[in-house]
Amino acid sequence: MFWTFKEWFWLERFWLPPTIKWSDLEDHDGLVYVKPSHLYMTIPYAFLLLIIRCVFEKFVASPLAKSFGIKETVRKVTPNTVLENFFKHSTRQPMQTDIYGLAKKCNLTERQVERWFRSRRNQERPSRMKKFQEACWRFAFYLVITVAGVAFLYDKPWLYDLWEVWNGYPKQPLLLSQYWYYILEMSFYWSLLFRLGFDVKRKDFLAHIIHHLAAISLMSFSWCANYIRSGTLVMIVHDVADIWLESAKMFSYAGWTQTCNTLFFIFSAIFFISRLIIFPFWILYCTLILPMYYLEPFFSYIFLNLQLMILQVLHLYWGYYILKMLNRCIFMKNIQDVRSDDEDYEEEEEEEEEEEDGTKGKEMDCLKNGLGPERHLIPNGQHSC
């Protein structure tokens with residue numbers, strides 16, 4: 001049954017234009033053509049990238065984060081068996097009635113119970129150090145792969161003349177630079193997919209899964225059907241914007257607000273140009289319209305463009321979030337990743353409350369000793385203010 005499915009799956013009518021056979025893409029005269037078996041190497045390379053990532057985060061990202069003043073914080077919560085059992089076995093977000101009952105049971109105020117649950121939730125959230133490490137790793141990879149992509153493509157005629165993308169298709173030999181560009185890019189997305197369960201989770205977690213699977217599916221399909229030339233153009237258009245996003249995140253976690261805002265504006269401009277202008281009007285034009293001058297419509301042509309259109313829908317989805325963040329930056333003077341959990345605000349609120357409580361405590365001590373909030377002596381009879 002497996003062999004029957006395999007034979008059906010690799011039928012030439014699914015992958016190649018009419019009249020073209022797999023035998024036409026056999027290596028000959030020193031020319032090498034793509035083979036599906038080449039993609040097996042992306043899995044071991046993905047695990048190799050995971051190892052490199054661990055080393056990079058420990059010996060490069062962590063020291064860099066510390067140089068920016070980011071520390072590995074340990075969030076401590078006052079031990080409470082009753083509240084801990086409720087947190088683990090009932091809910092992380094208790095209702096007001098639950099808070100009232102727990103406060104009575106633990107002999108605490110409702111305010112103290114609320115703060116305990118907020119602190120306990122924040123204890124399980126990733127630290128700024130972890131977020132910085134992830135952003136730093138992605139920044140490093142996107143920087144390297146973008147530079148490599150430019151080096152691989154700058155002298156290729158199809159970068160400047162889209163008609164060359166289809167010249168001679170599908171009998172287009174594989175170049176060594178194309179092989180490594182594809183293999184590294186696919187291995188990276190596999191590694192991101194493998195790490196999704198351990199990396200920082202955001203509101204668009206499902207969109208990230210769809211994006212990574214769509215990217216891997218698109219690259220795998222384009223490889224097997226020998227859409228390598230158009231595939232390299234798709235990859236370079238995507239990678240060029242991601243560098244700026246990850247660098248903006250790094251400076252955001254470091255607290256360099258002005259630098260973060262500047263980098264985010266640059267990213268936004270490049271994103272809208274590359275993915276909402278160049279991608280639909282250049283890449284999709286290249287894959288959807290130009291092939292019709294060379295070939296009749298066939299299955300892989302339709303499937304390729306269907307995947308690219310799904311990718312464009314994701315571009316619009318992320319473009320919506322970017323516009324929301326730009327709106328916050330322009331009108332609220334603050335960039336906050338709208339994909340982040342709402343507990344990001346809880347942590348800030350908790351820190352502000354602690355500072356406020358500390359300030360009030362100091363003021364009370366000062367008043368008890370006849371001093372004002374600024375530690376100046378208060379004349380007798382003037383304690384109230």
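Helices α10 and α11 pass each other in a left-handed crossing. This is a predicted model, and its secondary structure amounts to 13 helices and zero strands.

**The chain as a whole**

- Followed along the sequence, the pattern reads α-α-α-α-α-α-α-α-α-α-α-α-α.
- The chain has 385 residues, and 47% of them count as buried.

**How α10 packs on α11**

- Two packed helices are described by the angle between their axes together with the distance between those axes.
- Helix α11 covers residues 257-288, and its axis comes within 8 Å of the axis of α10, with a crossing angle of roughly 165°. Because angles over 145 degrees count as roughly antiparallel, α10 is roughly antiparallel to α11.
- Sorted by class, the α10 and α11 contact holds 20 nonpolar residues, seven polar ones and two charged ones.

**How α8 packs on α10**

- Helix α8 spans residues 176-195 and helix α10 spans residues 228-254; their axes are 11 Å apart and the packing angle is about 50°. That angle makes α8 oblique to α10.
- The crossing of α8 past α10 is left-handed.
- On the α8 side, the contact uses Gln178, Tyr181, Tyr182 and Glu185, while α10 brings Ile228, Arg229, Gly231, Thr232, Met235, Ile236 and Asp239. Five of these residues are nonpolar, three are polar and three are charged.

**How α3 packs on α8**

- Helix α3, residues 42-67, packs against α8 with the axes 8 Å apart and an angle of about 65° between them. Because 65 to 115 degrees counts as roughly perpendicular, α3 is roughly perpendicular to α8.
- Here the crossing is right-handed.
- From α3 the contact takes in Thr42, Ile43, Tyr45, Ala46, Phe47, Leu49, Leu50 and Arg53. From α8 it takes in Trp180, Ile183, Leu184, Met186, Ser187, Phe188, Trp190, Ser191, Leu192, Phe194 and Arg195.
- By class, this α3 and α8 contact has 14 nonpolar, three polar and two charged residues.

**Spans annotated in UniProt**

- An unreviewed UniProt entry places the feature "transmembrane region" at residues 38-56, 135-154, 179-198 and 301-323.
- In the model, residues 38-56 are 79% helix and 0% strand, with 27 Å between the end C-alpha atoms.
- Residues 301-323 are 100% helix and 0% strand, and the C-alpha atoms at the ends of this span lie 33 Å apart.

**The loop between α2 and α3**

- Asp27 sits in the loop that links α2 (12-15) to α3. Its relative accessible area is 38%, so Asp27 is partly exposed.
- Leaving aside residues up to four places away in sequence, Asp27 touches Val32, Tyr33 and Lys35.
- Asp27 and Pro173 are separated by 146 residues in sequence, yet their C-alpha atoms are 8.6 Å apart in space.
- Asp29 is also found in the loop between α2 and α3. With a relative accessible area of 72%, Asp29 is exposed.

**Backbone geometry to check on screen**

- Most residues other than glycine have a negative phi, and most peptide bonds are trans. The next points are departures to look up.
- Asp29 is not a glycine, but it has a positive phi of about 50°.
- Asn226 has a phi near 65°, again a positive value in a residue other than glycine. Asn226 lies in the loop between α9 (205-224) and α10, and its relative accessible area of 2% means that Asn226 is buried.
- The peptide bond from Tyr169 to Pro170 is cis, with omega near 0°. Pro170 belongs to the loop between α7 (128-153) and α8.

Key. Residues are numbered from 1 along each chain as its sequence is written. This is a predicted model: local features need pLDDT of at least 70, side-chain atom pairs count only at pLDDT 80 or more; totals for chains, interfaces and linings use all residues. Side-chain values use heavy atoms; hydrogens and water are left out. Axes are lines fitted to C-alpha atoms, for helices over the stretch in contact, and angles run from 0 to 180 degrees between N-to-C directions. Helices (H or I, at least four residues) and strands (E, at least two) are DSSP runs, numbered from the N terminus. Angles under 35 degrees count as roughly parallel, over 145 as roughly antiparallel, 65 to 115 as roughly perpendicular and the rest as oblique. A crossing is left-handed if the near helix is turned anticlockwise from the far one by less than a right angle, and right-handed if clockwise. Contact means heavy atoms within 4.5 Å. Ala, Val, Leu, Ile, Met, Phe, Trp, Tyr, Cys and Pro count as nonpolar, Asp, Glu, Lys and Arg as charged, and the others, Gly among them, as polar. UniProt positions are given in the numbering used here, feature names are shortened, and annotations may be inferred rather than shown by experiment. Buried means under 20% relative accessible area, exposed over 50%, partly exposed in between (1.4 Å probe, protein chains only).
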